[in-house]
Amino acid sequence: MNPDPKLKATGKHDLLELLDDRIGERATIVCGQLPAENWHAFIDNPTIADAILDRLTSAAHRIELSGPSLRRKAI
């Protein structure tokens, strides 16, 4: 596994284009394990990261979950 993952250039532009097309038209649900404060480093382009995060957070409802994994079997 890559210790320093970054979003590829095509992925950055595709995500931004997708969000641009959907803004004000459709709901978009994004879920993942990467904390929001690490998105700029993952996107690795401040301008595109700001644009993506602006579109995602402008009318967002954020739900952050914590706790033990539900995938682990109880002993």
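**Exercise 1. The position of Ile 52**

In which helix is the place of Ile 52? Determine also whether Ile 52 is buried or exposed, and name its contacts beyond its neighbours within four places in sequence.

*Solution.* The structure under study is a predicted model.

Step 1. Locate the residue: Ile 52 belongs to helix H3.

Step 2. Apply the cut-off for burial, which is a relative accessible area under 20%. Ile 52 has a relative accessible area of 0%, and therefore it is buried.

Step 3. List the contacts. With neighbours within four places in sequence left aside, Ile 52 is in contact with Lys 12, Leu 15, Leu 16, Leu 19 and Ile 43.

Step 4. Ile 52 and Glu 17 are 35 residues apart in sequence, and their C-alpha atoms lie 9.2 Å apart in space.

**Exercise 2. The largest nonpolar core**

State how many residues the largest nonpolar core has, and identify them. Which element gives the largest share of this core?

*Solution.* 

Step 1. Count and name the members. The largest nonpolar core has 10 residues, namely Leu 16, Leu 19, Trp 39, Ile 43, Ile 48, Ala 49, Ala 51, Ile 52, Leu 53 and Leu 56.

Step 2. Assign the elements. H1, H2 and H3 are the elements that give two or more residues to this core. The largest share, 6 residues, comes from H3.

Step 3. Examine one member, Trp 39. Not counting residues up to four places away in sequence, Trp 39 touches Val 30, Leu 34, Leu 53 and Leu 56.

**Exercise 3. The largest pocket**

Give the volume of the largest pocket, and describe its lining by position and by class.

*Solution.* 

Step 1. The volume of the largest pocket is about 1300 Å³.

Step 2. The pocket is lined by 35 residues, and those closest to its centre are Val 30, Cys 31, Gly 32, Arg 62 and Ile 63.

Step 3. Helix H1 (9–22) and helix H3 (46–57) each supply at least two residues of this lining. The largest share, 4 residues, comes from H3.

Step 4. Sorted by class, the lining has 18 nonpolar, 10 polar and 7 charged residues.

**Exercise 4. The second largest pocket**

*Solution.* 

Step 1. The second largest pocket has a volume of about 150 Å³.

Step 2. Its lining includes Leu 7, Leu 15, Val 30, Trp 39 and Phe 42.

Step 3. By class, the lining divides into 8 nonpolar and 2 polar residues, with no charged residues.

Step 4. Helix H2 (residues 39–43) gives the most to this lining, with 3 residues.

Terms used:
Residues are numbered from 1 along each chain as its sequence is written. This is a predicted model: local features need pLDDT of at least 70, side-chain atom pairs count only at pLDDT 80 or more; totals for chains, interfaces and linings use all residues. Side-chain values use heavy atoms; hydrogens and water are left out. On a 1 Å grid over the protein atoms alone, a cavity is a set of points where a 1.4 Å probe fits but cannot get out, and a pocket is an open set with protein on both sides within 12 Å along at least five of seven lines; lining residues have an atom within 4 Å of a point. Grid points are joined across faces, edges and corners, and a volume is the space filled by probe spheres set on the points. Ala, Val, Leu, Ile, Met, Phe, Trp, Tyr, Cys and Pro count as nonpolar, Asp, Glu, Lys and Arg as charged, and the others, Gly among them, as polar. Buried means under 20% relative accessible area, exposed over 50%, partly exposed in between (1.4 Å probe, protein chains only). Contact means heavy atoms within 4.5 Å. A nonpolar core is a set of buried Ala, Val, Leu, Ile, Met, Phe, Trp, Tyr and Cys residues joined through side-chain atoms within 4.5 Å.
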